[in-house]
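Subject: Structure handover

Hi,

Here is the structure I promised to pass on to you. Have a look at it first, and then read on for what turned up.

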Amino acid sequence: AMIDEARIIEIKEDILSDNNTAAEAHRQQLAQQGTLFVDVMSSPGAGKTTLLLSLIERMRGKANIGIIEADIESFVDSEKIKQAGIPAVQLETRGICHVEMDMVAKAFAAFGQADFDYVFLENIGNLVCPAEFDTGAHKRIMLLSVPEGFDKVYKYPPMFAVVDALVVTKTDYLPLNPDFDMEALAERARVLNPRLEIFEVCARTGEGVDELVTWLEDAHAALGQAHDSAEEASHA
């Protein structure tokens with residue numbers, strides 16, 4: 001029998017709708033607690049873990065940080081984070097190519113009563129599925145490494161369209177990749193997403209990492225302000 005395509009679309013829309021409702025509730029609850037939740041996405045090998053370790057180095061002592069490491073089946077990245085002395089929860093998605101809200105809820109439950117200023121989700125290395133699923137994050141960032149090429153912006157437009165920041169990583173490879181057109185990347189990305197922030201970063205040398213930290217700190221400060229004004233409105 002032919003599978004009814006309309007029925008498949010309807011089921012998918014129901015799944016996404018339930019996921020988005022739960023994600024919005026989670027986002028608001030975290031804002032009340034003063035926790036900025038950041039979803040970090042990229043294709044495999046763009047440098048997510050390396051960037052997180054670089055951010056941890058700069059933010060340690062100033063903020064409490066937790067990391068959720070999502071992998072289809074591996075503990076390599078979460079071990080690196082734990083060695084850096086940061087609480088990490090490992091999410092094994094068992095073959096699913098993205099993180100969904102129920103997975104995020106389980107990861108936060110695994111942290112117990114820990115109180116975080118920032119929680120970073122290192123999403124599955126994939127530029128397709130994670131773009132569709134709201135994980136309850138306040139900010140979504142995607143990494144694009146110079147060795148991957150700037151033309152990823154033409155191949156995976158939905159991902160560029162949904163994120164708050166694009167972090168171009170491994171900029172130390174720029175001299176080896178003269179075809180990488182930063183201007184064309186920025187121009188096309190901003191057509192897809194006019195509010196997009198773009199950072200050029202090299203985690204090895206530290207170039208651009210401070211700017212990214214400042215952006216995250218500003219987002220964390222805004223979280224508190226948004227909650228305070230909502231509180232005032234509710235008491236008015």
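To follow the ring pairs, you need one cut-off: two rings of Phe, Tyr or Trp (its six-membered ring) count as a pair if their centres lie within 6.5 Å, and planes over 60 degrees apart make the pair edge-to-face. Please keep in mind that this is a predicted model.

**Aromatic pairs**

Searching the whole structure gives 7 aromatic pairs. One of them joins F108 and F111, whose ring centres are 6.2 Å apart; their planes stand at 75°, so this pair is edge-to-face. F108 is buried at a relative accessible area of 15%, and F111 is buried too, at 13%. Another edge-to-face pair is made by F150 and Y154, with 6.4 Å from centre to centre and 80° between the planes. Here the two partners fall into separate classes: F150 is buried, with a relative accessible area of 19%, while Y154 is partly exposed, at 46%. Ring pairs also tie F37, F108, F111 and F116 together into a cluster.

How many of the residues of β2 are buried? The count is 7 of 7, so this strand is largely enclosed by the rest of the structure. Both of its faces are covered, with I65, I67, E69 and D71 buried on one side and G66, I68 and A70 buried on the other. You will notice that the acidic residues E69 and D71 are among those buried positions.

Strand β2 spans residues 65–71 and pairs with β3 in the parallel sense, over 5 bridges. Along that pairing, D71 stands opposite E92 in β3, and A70 has L91 as its bridge partner in β3.

**The nonpolar core**

The largest nonpolar core has 31 residues, and L55, I67, F120 and L216 are the ones with the most contacts inside it. At least two residues of this core come from each of β1 (36–41), α2 (48–59), β2, β4, β5, β6 (165–169) and α8 (209–235). Helix α8 gives the most, with 7 residues.

Leaving aside residues up to four places away in sequence, F120 touches F37, V38, V40, L52, L55, I65, G66, I67, I68 and L216.

**Salt bridges**

The structure holds 7 salt bridges. In one of them, the side chains of R27 and E24 meet at 2.8 Å, N to O. Both residues lie in helix α1 (residues 5–33), 3 residues apart, about one turn of the helix. R27 is buried, with a relative accessible area of 15%, whereas E24 counts as partly exposed at 35%.

Which side chain meets R27 in a salt bridge at 2.9 Å? That partner is D134. This pair links distant parts of the chain, since D134 sits in the loop between β4 (118–122) and β5 (139–145), 107 residues apart from R27 in helix α1. Both D134 and R27 are buried.

A further salt bridge joins K155 and D151, with 3.8 Å between the closest N and O atoms. K155 counts as exposed, at 54% relative accessibility, and D151 is partly exposed, at 30%. Shared partners, by contrast, join the salt bridges of E24, R27 and D134 into one network.

**Cysteines**

A disulfide is a covalent bond between the sulfur atoms of two cysteines. The search of the whole structure finds 0 disulfides. As for individual cysteines, C97 counts as partly exposed, at 27% relative accessibility, and C202 as buried, at 2%.

Happy browsing, and do write back with any questions.

Best wishes

How values were computed:
Residues numbered from 1 in each chain as written. Predicted model: local features only at pLDDT ≥ 70, side-chain atom pairs only at ≥ 80, totals over all residues. Heavy atoms only, no water. Pairing = 2+ DSSP bridges. Helix = DSSP H or I, 4+ residues; strand = E, 2+ residues; numbered from the N terminus. Phe/Tyr/Trp six-rings, centres within 6.5 Å; stacked < 30°, edge-to-face > 60°. Buried < 20%, exposed > 50% of the residue type's maximum accessible area, 1.4 Å probe, protein only. Salt bridge = Lys/Arg side-chain N within 4 Å of Asp/Glu carboxyl O. Core = buried A, V, L, I, M, F, W, Y, C linked by side-chain atoms within 4.5 Å. Contact = heavy atoms within 4.5 Å. Disulfide = S-S within 2.5 Å.
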